[in-house]
Each structure stands twice: as C-alpha cells, then as structure tokens.
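Hi everyone, thanks for coming. I'd like to walk you through one model today, so please have the viewer open and follow along.

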Amino acid sequence: MSIGELARAAGVSIKTVRYYESIGLLPEPRRTPAGHRVYSSEMVDRIGFIRRAQSSGLSLTEIGSVLEIKDAGGRSCEHTRALLEDHLAHLDAQMEELRVTRREVATLAERAAELDPSACTDPHRCQVLSSEPAR
C-alpha cells in the first residue's frame, strides 16, 4: 500500500507516517523501482498501537522502546508495566500539585470576593494577590 493509503487507513497524516518512519517507530518500507514507499498492511496496526500508546501518556521514545523489544522477538510486558507505573507516579504527583494550586486559587478568589475594590489604592500591587490585602 502507498503512503497515502496507509495514512488514510491508519487515520493519520502522511506527514505523521513520515515522522514515525524518521524516528524509527516504523521500519523503513520497501521501495518501488521509482522510489515510492510500499507498506504492508501490518503497518496500519502498528500505527494504531503507537496512537493508543500515546493516548495512554507514553512518549514516542517510550513507545519506541516497547516496539524495539517486540521487533527483536521479546516480551515487552514487564517493560511496559514499568513505564506505565512510572507514568502513574508522575500523574499522581501532578494531581497533588494541582490540588495545592487549586486550594491557593480558591483562597485568592475568596479574598477577592471580600475586598472592596475602592480600597485598592496602591499603584504597585494588587490587593487580591498581595500577602497583606489593603482594607
């Protein structure tokens, strides 16, 4: 199948197919005598795997490491599990940071609701964001 056919079948752009190829996520396709790329139908599934893995939050480098193991005939389950556990830990840390930030923003919003805008006379600071609001 041509690059355009592959891209359509996989639901990606031709540019994406070329990019995946350039970074080694797709193997170099065979070429026609005229130099046109010819892909096997297996590449549709491979691109589908790459897209699903991306949607789980894995980076293209991490996805490449899984594909490298599979291409060598190995079992990637343990490696993939470790990647996903690392990703979960990172997400948990981000979620905690967001909870802290949300509490801080909620406190500022409450402060803003209680302040009198006419009391804001300092030209160098906002009473809502300062540590000691002007009242």
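Predicted model: local features only at pLDDT ≥ 70, side-chain atom pairs only at ≥ 80, totals over all residues.

Residues are numbered from 1 along each chain as its sequence is written, and side-chain values use heavy atoms, with hydrogens and water left out.

Let's begin with the whole chain. The protein chain has five helices and two strands, and along the sequence they run α-α-β-β-α-α-α. Helices here are DSSP runs of H or I with at least four residues, strands are runs of E with at least two, and both are numbered from the N terminus.

How does the radius of gyration of the protein chain sit beside that of a compact globule of 135 residues? The globule would be near 14 Å, but the protein chain has 26 Å. That radius is taken over C-alpha atoms, and the globule rule is 2.2 Å times the number of residues to the power 0.38. The C-alpha trace spans about 80 × 35 × 20 Å along its principal axes.

Of the 135 residues, 25% count as buried. Buried means under 20% relative accessible area, exposed means over 50%, and partly exposed is in between, with a 1.4 Å probe and protein chains only. The protein chain exposes about 9500 Å², and carbon and sulfur atoms supply 55% of that; the areas come from the Shrake-Rupley method with a 1.4 Å probe, and for residues only the protein chains shown count as cover.

Now please zoom in on helix H2, residues 14-22. Its buried residues are Thr-16, Val-17, Tyr-20 and Glu-21. Why do they sit on the same side of H2? Because they cover an arc of only 135 degrees around the axis, the arc being that of the directions from the helix axis to the C-beta atoms. As a reminder, an α-helix has 3.6 residues a turn, so residues three or four places apart point the same way.

The buried residues of H2 pack against helix H1 (3-10), strand S1 (30-31), strand S2 (37-38), helix H3 (42-55) and helix H4 (60-71). Contact here means heavy atoms within 4.5 Å. Just after H2, Gly-24 takes a positive phi of about 85 degrees.

Val-17 leads us to the core. The largest nonpolar core has 19 residues, and Val-17, Leu-26, Ile-47, Ile-50 and Ile-63 touch the most other members. H1, H2, H3 and H4 each supply at least two residues of this core. A nonpolar core is a set of buried Ala, Val, Leu, Ile, Met, Phe, Trp, Tyr and Cys residues joined through side-chain atoms within 4.5 Å.

Leaving out residues up to four places away in sequence, Ile-63 touches Leu-25, Phe-49, Ile-50, Ala-53, Gln-54 and Leu-58. Leu-67 is in helix H4 and is buried, at 7% relative accessibility.

Next, the loop between H4 and H5, where you'll find Ser-76. Is Ser-76 buried or exposed? Ser-76 is buried, with a relative accessible area of 8%. Beyond its neighbours within four places in sequence, Ser-76 is in contact with Val-66, Ile-69 and Lys-70.

Last, the charges. The structure holds eight salt bridges, each being a side-chain nitrogen of Lys or Arg within 4 Å of a carboxyl oxygen of Asp or Glu. Arg-81 and Glu-85 meet in one of them, at 3.0 Å from N to O. Both lie in helix H5 (residues 77-114), four residues apart, about one turn of the helix. Arg-81 is partly exposed at 39%, and Glu-85 is partly exposed at 42%. Together with Glu-78, they are linked in a network of salt bridges.

Elsewhere, Glu-28 pairs with Arg-31, with the closest N and O atoms 3.5 Å apart. Glu-28 is exposed, at 57%, while Arg-31 counts as partly exposed, at 39%.

That's my tour, and I'm happy to go back to any view.
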